[in-house]
Amino acid sequence: MTPPVTPAVTPAALARLHAAVFVRPRPWSAAEFAALLAAPSTILASAPEGFALGRVAAGEAELLTLAVAARARRQGLGRRLLAACEAAAASRGARRLVLEVAADNLAARALYAAAGYGEAGRRRGYYVARAGLAAADAIVLAKSLEAPGAAPAADPESC
Ligand SMILES: CC(C)(COP(=O)(O)OP(=O)(O)OC[C@H]1O[C@@H](n2cnc3c(N)ncnc32)[C@H](O)[C@@H]1OP(=O)(O)O)[C@@H](O)C(=O)NCCC(=O)NCCS
């Protein structure tokens, strides 16, 4: 299936969807999304009911946020948005994608596990108690974007 990538989405639409989906972290404003979209390092995959946004730097991508409207969940959209973000990151030279997820976010953790992400670290108490949610650790997850068996990219820093 073709990944849902629609870069023409507006900052205001992203802010509305983000606010509807997230309590933790706090909702991001349209101005914050506009600044992110203006940055050349930003990657975005979007559909009318969801989006994934990340950035690429120095051969590594970071997923900053992934949101699917409640009414559109469990239909494979989150998985497709994540795959589209991975493809966009790989096409920009990223060899790995990293992200943080709250330890108590079982839906997202199940999605990332099913997509092949493994635990790379943990930040104790990273998410502070907010809006009725208890404090939670952040789990750092990572996935290689390199095809198995592919030759490693030349690294000028390595010895
Ligand atoms: C996490 C989120 C993006 C998943 O989006 P989604 O479109 O419902 O996910 P998908 O339908 O693509 O699910 C893919 C797989 O993830 C897992 N999964 C998704 N939601 C799940 C849930 N509530 N419980 C258990 N597993 C779940 C399943 O393995 C699922 O495959 P299956 O439906 O074939 O069993 C969505 O729940 C969401 O927006 N949550 C709030 C925001 C958030 O937590 N974002 C992540 C921040 S790190």
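Seven bridges join S4 (residues 96-102) to S6 (residues 136-144), and these two strands run antiparallel; two strands are said to pair if DSSP finds at least two bridges between them. The names follow a simple rule, since helices (H or I, at least four residues) and strands (E, at least two) are DSSP runs, numbered from the N terminus. Within this pairing, Ala-102 has Ala-138 in S6 as its bridge partner.

Before going further, please keep in mind that this is a predicted model, in which local features need pLDDT of at least 70 and side-chain atom pairs count only at pLDDT 80 or more, whereas totals for chains, interfaces and linings use all residues. Residues are numbered from 1 along each chain as its sequence is written.

Let us now walk through the rest of the sheet. S6 also pairs with S5, through six bridges and in the antiparallel sense, and here Gly-118 has Ala-142 in S6 as its bridge partner. S2 (residues 50-57) pairs with S3 in the antiparallel sense over eight bridges, and Arg-55 stands opposite Glu-62 in S3. S2 and S3 form a hairpin with two residues between them, and Ala-58 in the turn has a positive phi of about 50°.

In what order do the six strands form the sheet? The order is S1-S2-S3-S4-S6-S5, in an open sheet whose pairing is mixed. S1 (42-47) and S5 (118-127) stand at the edges with a single partner strand each, so one side of each is left without a neighbour in the sheet. The twist from one strand to the next averages 25°.

Next come the helices. H1 packs on the sheet, where it touches S2 and S3, and its direction makes about 75° with that of S3; such angles run from 0 to 180 degrees between N-to-C directions, and axes are lines fitted to C-alpha atoms, for helices over the stretch in contact. H1 (residues 11-21) also packs with H2 (residues 30-38) at an angle of about 125°, their axes being 8 Å apart. That makes H1 oblique to H2, because angles under 35 degrees count as roughly parallel, over 145 as roughly antiparallel, 65 to 115 as roughly perpendicular and the rest as oblique. In the contact, Pro-11, Ala-12, Leu-14 and Ala-15 of H1 meet Ala-30, Phe-33, Ala-34 and Leu-37 of H2, where contact requires C-beta atoms, placed from the backbone, within 7 Å. By class, this contact has eight nonpolar, no polar and no charged residues; Ala, Val, Leu, Ile, Met, Phe, Trp, Tyr, Cys and Pro count as nonpolar, Asp, Glu, Lys and Arg as charged, and the others, Gly among them, as polar.

Finally, which residues are the closest to the ligand? They are Arg-73, Gly-78, Ala-107, Ala-110 and Leu-111, among the 18 residues that surround the ligand, and a residue counts as near if its C-beta atom, placed from the backbone, lies within 6 Å. S3 (60-68), H3 (77-91) and H4 (106-114) are the elements that give two or more residues to this shell, and H4 provides the largest share, five residues.

How values were computed: Two residues are in contact if their C-beta atoms, placed from the backbone, lie within 7 Å.
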